[in-house]
Structures are given as C-alpha cells and as structure tokens.
Amino acid sequence: TGQEMIDEIEILAAKAGIPADAVTGSTEENAPTSATGLGITVIGALSQDLPKAQPGDVVICAGLPIAAPDFTLYIGHPDQVTVAEVRRILESGLVHDALPAGSHGGGFETDEMARIAGLQARWTGGRGIDPKRSAGPASCVLFACAPEAVDEASHLLDDGRPVHPVASYRVCSFFLRIMANSRILRALSDSSTISRPMISSIISSILMTPVTLPYSSTTTKRCW
C-alpha cells in the first residue's frame, strides 16, 4: 500500500508540474505493521511577492464543498475540481489570488484571502453554498479575480464543472473609517483645547472598532 501511495503522489505532482525526481521520501520497512500511515511536506519558494486579492474582486468557487460521510467521494467526481483545472486558471493571469477550501469551509478561506490583502469580504453565497460546509479533501478552490474576468476564468474549467460567484472584496471599513474621520482628526489636532492623549484615545477607538463579517462563524472580526 505504501508504494501505491507514492505512485499516486507522483501522478498528482506531475499534474501540478512537479517532476518525479522532486518527490522524495522514505518508508519504514524494518518492522511489521498493521496499518499504513502517510505524511507529506511540501517545500517551495516564491519568485515574487505573495499574490493578493484586489478591492472590487469577485470570489468564484470552482467545484463544490463536499466531504464524507455526507458525500461519496471518488477520483473524477463531477463536483470536485482537478489539479489540471486549477493550473489552467492560475497560469491564465486572470486571478489575483487563490486558496483551496478544506474542512473549515469556503467562508474561512474567503476570510483568509481578505486578511492577507487587508480587505473586507461580503459573502453572497452563490446558489446556497454554505460557507461553513466542509470541503474535505479540497474539493473546491476559491479564486479572486476582477468582475470582468469571471466568465473567462470560468470557461477554463472542464465542461459541467460547478462554478459560482460566492463573495466580493472591498476596502476594509477600518480604512474607510480613517478617511471618513480624517477631517475630524485634523480639526482636533489643530484645536488648542484638546490634549494629545485625548487625540490618541480617539484614534485608537477608531482603529479598534470590530468589523462584522456576515459569513464568519464568530460575531465580529477585526479587519487589519
């Protein structure tokens, strides 16, 4: 069974553009076993800055969040996006960021992309897709792209593959509050009757006000 696992890893690595000689490891063969376990570590390097979603981007979900025991999973499942499809979309240059969804669900990963980019997400749900439903073995992948790129990116998927817009990104309301209150802050700083500690307290209050994210499993999250 160990060799079968290694063979399948090399097949998937090839689909991702990784040569077989880049897959290395060892097996424990000096003692009898009653079960087979597997651990995988992926090491890579970026040749440029970490990609980030942009304000105004739409998040599309390629594939559907499916996981056992609610669904029977198998290679070639029509609702599970493939490595080859993901590569086509990433190499097209149409998307700004992408994350596979796992056991936390699509809402969590949408939140992660927003956090990395300093943006705020608005979950729209795309035909009733539950943001908390487990996507198990990364059965779907989230892509952030400009609204005008959605159709072209979607057409890079295999025929019949489910794809839905599920969220959109905007400038974090934390920054919007800063801009909205900039005149007030300038007026306060020019006032001789307001102390510097009081100005600092007002600024801190603006920065630390929690931002509500409608799809989140918690009631509030701060957007940095």
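**Salt bridges, cavity and surface of the predicted model**

A search of the whole structure finds 5 salt bridges. The structure is a predicted model, and the values given below are computed from it. Side chains of opposite charge can pair when their charged atoms come close. One of the salt bridges is formed by the side chains of R161 and E85, with a distance of 3.0 Å from N to O. R161 belongs to the loop between α4 and β5 (163-171), whereas E85 is part of helix α2, so this pair ties together parts that are 76 residues apart in sequence. R161 has a relative accessible area of 13% and is buried. E85 also counts as buried, because its relative accessibility is 0%, and the cut-off for a buried residue is a value under 20%.

The side chains of D158 and R88 meet in another of the salt bridges, at 2.7 Å from N to O. D158 lies in the loop between α4 and β5 and R88 in helix α2, so the two residues tie together parts that are 70 residues apart in sequence. D158 is partly exposed at 32% relative accessibility, and R88 is partly exposed with a relative accessible area of 35%. R161 forms a salt bridge with D158 as well, and here the closest N and O atoms are 3.5 Å apart. Through shared partners, the salt bridges join E85, R88, D158 and R161 into one network.

The chain as a whole contains 7 helices and 5 strands. Read from the N terminus, its elements follow the order α-β-α-β-α-β-β-α-β-α-α-α. The chain has 224 residues, of which 32% count as buried. A153 is an example from helix α4, which spans residues 150-154. With a relative accessible area of 0%, A153 is buried. The C-alpha atom of A153 is separated by 9.2 Å from that of L90, although the two residues are 63 residues apart along the chain.

Inside the structure there is 1 cavity of 30 Å³ or more. The largest cavity holds about 40 Å³ of space. Its lining consists of C61, P65, A101, G106, W123, I129, D130, P131, R133, C140 and L142. Sorted by class, the lining comprises 8 nonpolar, 1 polar and 2 charged residues.

I40 is placed in the loop between α1 (2-15) and β1 (58-62), and L38 lies in the loop between α1 and β1. I40 counts as exposed because its relative accessibility is 57%. L38 is likewise exposed, at 51% relative accessibility, where the cut-off for an exposed residue is a value over 50%. The C-alpha atoms of L38 and I6 are separated by 9.5 Å, and these residues are 32 residues apart along the chain.

Two features of the backbone remain to be described. A68 and P69 are joined by a cis peptide bond, with omega at about 5 degrees. P69 is found in the loop between β1 and α2 (83-91). A138, a residue other than glycine, has a positive phi value near 55 degrees. The position of A138 is in the loop between β3 (119-123) and β4 (140-145). At 31% relative accessibility, A138 is partly exposed.

Technical notes
Residues numbered from 1 in each chain as written. Predicted model: local features only at pLDDT ≥ 70, side-chain atom pairs only at ≥ 80, totals over all residues. Heavy atoms only, no water. Helix = DSSP H or I, 4+ residues; strand = E, 2+ residues; numbered from the N terminus. Buried < 20%, exposed > 50% of the residue type's maximum accessible area, 1.4 Å probe, protein only. 1 Å grid on protein atoms, 1.4 Å probe; cavity = no way out; pocket = protein on both sides within 12 Å on 5 of 7 lines; lining within 4 Å. Points joined across faces, edges and corners; volume = space filled by probe spheres on them. Nonpolar A, V, L, I, M, F, W, Y, C, P; charged D, E, K, R; others polar. Salt bridge = Lys/Arg side-chain N within 4 Å of Asp/Glu carboxyl O.
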